Amino acid sequence: MESYMKEIERRLGGNDDFFILPDHMGGIPYVMMGFVTLIDLTRTKIALRKNRESLSETISDLTELMAVFGDIREFDLEETVTMIMGGKLILLFGGQRRYVVVDPIPIELSRAVESPTNENVLQGSMSSFNEDIDTNIGIVRKQSISKHVRVKTFLTGSEQLKKISLLYDNCHVEPDLVDKIIKQIESSSDNDINNLQNLSKTMGFSSWSIIPKFYTTELPQEAANALKKGKVILFVDRLPFALILPNLLWDMFSLDNDRNFPLPIMYAIRILRVIGVLTTLLAPGLYVALVAVNPEVLRIELALTIAQSREGVPYPAIVEIIFMLIILELIIEASTRLPKSIGPTITMVGGIILGQAVVTARLVSNLLIIVLAATTIANSTVVGFQNSLSIRLFKYLLVILCSIYGVLGLLAGLVILSAYLASINTFGISYLNFNMKKGETENG
Amino acid sequence: MKVGKSMLALSLVVALCGCWDNTDINHRVLPVVMGVSKKDSEYKIFLQIPEPIQNRTLIKIVTGSGSTINHAVDKISANLEDHVDLLHVKLILLDKKYAQSGVDDSIADFMRGRDVSPKTLVSICDEDMEQFFIKVKTKMEPKGTTLYDFFEKNAGWNPQIALTRVWEVYRSIHSYTRDVAIPVIHSGTSTVVQHEGSGVIKNGKMVAQIDSDETLLFNAFNGESTQGKIEVMDHASVLITSNSIRHKGTMLDGKPYLKSKIKLKVVIQETKGHPTSDEIKKEIEVMLKTRFDQMFVKLQASGADILGTGQYFRNIIPRTQLKDWRTKYYPKLKLDFQVQATIENTGFTNLQ
């Protein structure tokens with residue numbers, strides 16, 4: 001036991017928050033080991049004592065006492081170190097080749113269940129996922145009380161162990177999909193997963209895909225709905241959202257929370273989102289096409305007004321729009337980077353001062369400001385921040401094609417975009433699929 | 001390799017697109033009206049260009065001459081600071097003398113060249129074109145599109161104005177059985193332009209003229225809506241609210257016979273004396289029939305089938321003989337025109 005303790009100390013002794021604490025209870029001495037930063041030591045000790053006292057005084061057998069405290073394991077250095085790193089308390093008893101793993105009272109390191117910060121919910125359940133994987137699974141279980149929900153947990157990583165959990169509804173999911181995902185995770189279980197790019201790699205997705213393969217959501221309602229639709233959820237420890245597989249095109253437009261509204265209003269809202277996406281994609285391209293290449297499409301009155309608003313603008317439409325789009329992207333990026341208290345200042349400086357000044361300086365036309373404002377606002381109607389990012393990127397493709405081929409370029413761009421979307425699939429399920437219900441995926 | 005190929009394709013897109021030839025809208029002049037006249041085999045082109053300047057539209061009339069229309073436009077473009085873009089031309093104004101001598105060449109050029117949209121309206125100017133543009137310019141200064149608005153269905157168009165587009169004129173030149181009527185205008189005294197009726201075009205040549213009342217019947221015959229036209233008679237004036245027409249063509253003893261029945265719905269506007277509604281109905285039916293018959297005699301004499309009556313015999317006369325429609329069949333055509341009026345609303349005062 002002494003040598004074993006020495007060995008552990010050699011491994012972990014470099015940490016100042018590692019403690020080795022001799023203690024005794026009822027005349028039996030033992031040594032406690034763990035991290036002060038992970039274990040609430042005082043309360044754990046009290047709990048251990050209470051545990052002991054609640055039993056009859058007559059326990060003399062050491063094994064029996066050990067069993068009272070926790071799990072008894074044989075000496076295994078690797079395992080012990082992993083346990084300690086994972087926040088467990090280790091008890092070593094003299095003369096034993098076994099040790100006890102105690103579930104201590106941990107120091108609270110996760111935030112409580114809070115309302116979502118990246119997504120807004122109107123009239124819906126307000127709790128959101130947080131960093132703790134067990135809390136997240138618990139929330140889903142609470143949201144979707146069904147005997148068919150299954151949870152599979154994997155430990156991955158070679159350097160850093162990370163817990164991944166796979167949730168699915170046994171009744172609705174395509175068993176093939178679950179098999180494929182489990183096989184994929186198991187085959188690359190030594191990958192370290194710290195972010196979504198790592199996870200994509202683990203899942204065997206191309207790292208160059210513009211459309212995210214996971215539909216990320218913070219909302220338990222969405223996650224529970226995904227289970228019901230036959231999708232699977234992945235939780236990664238310390239990532240405060242559910243990763244829903246597969247991500248489908250329609251997820252960009254529909255929220256399960258929409259169903260808290262009357263049906264006609266739900267349809268109206270969803271149509272609005274489709275219009276929003278189309279506006280974001282088409283408006284800048286259309287501006288370039290109509291102003292530079294095909295002004296004959298415009299009515300003469302409009303053509304004259306646009307011509308007047310562009311009078312004195314030195315650059316061609318494409319330069320003008322790329323210039324303004326990049327400034328807009330900078331504003332968006334800046335306001336996500338900045339602390340919340342400074343954010344509004346940037347919005348004001350960017351929106352009002354820059355917008356007004358740039359028109360007064362005759363660098364760009366009035367109409368362009370309107371088009372860009374519409375584009376940026378419309379971009380935010382998409383469900384899911386990741387989706388809005390890819391839409392934001394796609395509009396540049398259309399702008400460039402429009403500057404070359406005009407309205408025809410717009411059409412060509414849409415065809416290219418559709419072809420790209422059609423080419424995406426996740427574990428054999430096309431991105432354009434609408435229905436994920438069991439047995440119906442092939443017809444999609 | 002794959003990357004290399006796609007890079008090559010991308011660079012070809014940039015290198016071969018010719019996008020540097022695109023001219024931004026503010027560097028194009030957008031003429032709205034193009035006037036064409038011809039003197040001694042030289043074309044003279046008038047372009048009416050609206051120029052928006054600080055909440056106002058100035059109107060520029062630019063002229064140029066050349067041996068072809070394109071030559072003339074090219075000369076104008078060379079002398080202007082911006083590129084002339086004819087795609088926005090909404091109205092082509094033809095000199096009456098030129099129209100009488102035949103415009104089929106120009107129309108074919110418009111169709112072939114694609115500089116001018118085939119949807120462009122065609123009209124005839126019954127006045128010296130230079131004078132016309134000078135007079136018109138002073139009257140329409142605050143708004144650059146007046147001449148075009150005159151023919152616009154949601155603006156100044158009235159059912160007695162024929163609407164004919166370049167492609168229709170082109171079609172009439174090549175069709176065996178259909179001619180077109182082109183509105184004739186000249187500058188007005190108190191209004192910008194005055195409508196005079198329509199020129200009857202046969203194979204690209206103006207051969208006759210009908211007045212605006214007759215043009216209304218021409219429009220009605222072709223199924224155009226005549227809604228909003230007020231007919232004044234001896235005892236009443238009525239407003240036409242809707243119209244529909246049915247045609248039936250048959251051959252009787254080798255002669256074409258066309259029966260056309262027009263149904264009008266009218267609203268009584270004013271009455272003189274105390275006519276009954278039957279009298280008013282009778283009056284309108286007789287008046288329209290007489291007017292139509294007179295017009296048809298005139299048209300038959302000119303040999304131009306602007307009503308498109310030949311269309312109703314296309315399934316009866318074999319294709320080989322169809323090309324003789326204008327010469328052999330049309331002069332013999334008997335047209336039985338019937339008017340059936342329904343008075344829908346007599347207003348607040350009842351009639352007997």
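**Figure 1. Helices α9(A) and α15(A) are roughly antiparallel to each other.** This is a predicted model. The axes of α9(A) and α15(A), the latter spanning residues 407-423, come within 8 Å and cross at roughly 150°; angles over 145 degrees count as roughly antiparallel, and the pair is therefore described in that way. From α9(A), the residues A:Leu282, A:Gly285, A:Leu286 and A:Ala289 meet A:Val407, A:Gly409, A:Leu410 and A:Gly413 in α15(A). By class, this contact has 5 nonpolar, 3 polar and no charged residues. An α-helix has 3.6 residues a turn, so residues three or four places apart point the same way.

**Figure 2. Chain A meets chain B through 21 residues of chain A and 20 residues of chain B.** On the chain A side, α9 (263-293), α10 (300-309) and α14 (385-405) each supply at least two residues. The largest share of that side, 8 residues, comes from α10(A). The side of chain A that touches chain B divides into 14 nonpolar, 3 polar and 4 charged residues.

**Figure 3. Domain 2 and domain 3 of chain A are in contact, with 10 residues from domain 2 and 6 residues from domain 3.** Chain A is divided into domain 1 (2-102), domain 2 (133-246) and domain 3 (258-426). The centres of domain 2 and domain 3 of chain A, taken over C-alpha atoms, are separated by 34 Å. Strand β8 of chain A (residues 215-217) gives 3 residues to the side of domain 2 that touches domain 3, the largest share of that side. In that side of domain 2 of chain A there are 6 nonpolar, 3 polar and 1 charged residues.

**Figure 4. Five strands of chain A form an open sheet with antiparallel pairing.** The strand order is β1-β2-β4-β5-β3 (chain A). β1 (18-25) and β3 (71-74) of chain A stand at the edges with a single partner strand each, so one side of each has no neighbour in the sheet. From one strand to the next, the twist averages 30°. β1(A) pairs with β2(A), residues 28-35, in the antiparallel sense over 8 bridges, and A:Leu21 stands opposite A:Met32 in β2(A). Helix α1 of chain A (residues 2-12) lies across β1, β2 and β4 (89-93) of chain A, and α1 runs at about 150° to β1(A).

**Figure 5. Strands β6(A) and β7(A) form a hairpin with 5 residues between them.** β6 (residues 149-156) and β7 (residues 162-169) of chain A run antiparallel and are joined by 8 bridges. A:Val149 stands opposite A:Asp169 in β7(A). In the turn, A:Gly157 has a positive phi of about 110°.

**Figure 6. Eight strands of chain B form an open sheet with mixed pairing.** The order is β4-β3-β2-β6-β7-β8-β9-β10 (chain B). The edge strands, β4 (56-66) and β10 of chain B, each pair on one side only. The twist averages 30° from one strand to the next. β8(B) and β9(B) pair in the antiparallel sense, with 8 bridges; B:Val180 stands opposite B:Ile201 in β9(B). Helix α5 of chain B (residues 129-139) packs on the sheet and touches β2 (33-39), β3 (42-53), β4, β6 (91-95), β7 (121-125), β8 and β9 of chain B. The direction of α5(B) makes about 65° with that of β8(B).

**Figure 7. Helix α8 of chain B is largely enclosed by the rest of the structure.** A residue is counted as buried if 20 or more other C-beta atoms lie within 10 Å of its own. The buried residues of α8(B) are B:Glu214, B:Thr215, B:Leu216, B:Leu217, B:Phe218, B:Asn219, B:Ala220 and B:Phe221. These residues pack against β8 (180-187), β9 (193-202), β10 (205-210), β12 (236-252), β13 (255-271) and α9 (277-302) of chain B. After α8(B) comes B:Gly223, with a positive phi near 85°. For context, 40% of the 352 residues of chain B count as buried, and chain B has 11 helices and 14 strands.

Methods:
Residues numbered from 1 in each chain as written. Chains lettered and ligands numbered in written order. Predicted model: local features only at pLDDT ≥ 70, side-chain atom pairs only at ≥ 80, totals over all residues. Helix = DSSP H or I, 4+ residues; strand = E, 2+ residues; numbered from the N terminus. Buried ≥ 20, exposed ≤ 12 C-beta atoms within 10 Å, placed from the backbone. Contact = placed C-beta atoms within 7 Å. Nonpolar A, V, L, I, M, F, W, Y, C, P; charged D, E, K, R; others polar. Domains from an automatic or database assignment. Axes fitted to C-alpha atoms, helices over the stretch in contact; angles between N-to-C directions. Parallel < 35°, antiparallel > 145°, perpendicular 65-115°, else oblique. Pairing = 2+ DSSP bridges.
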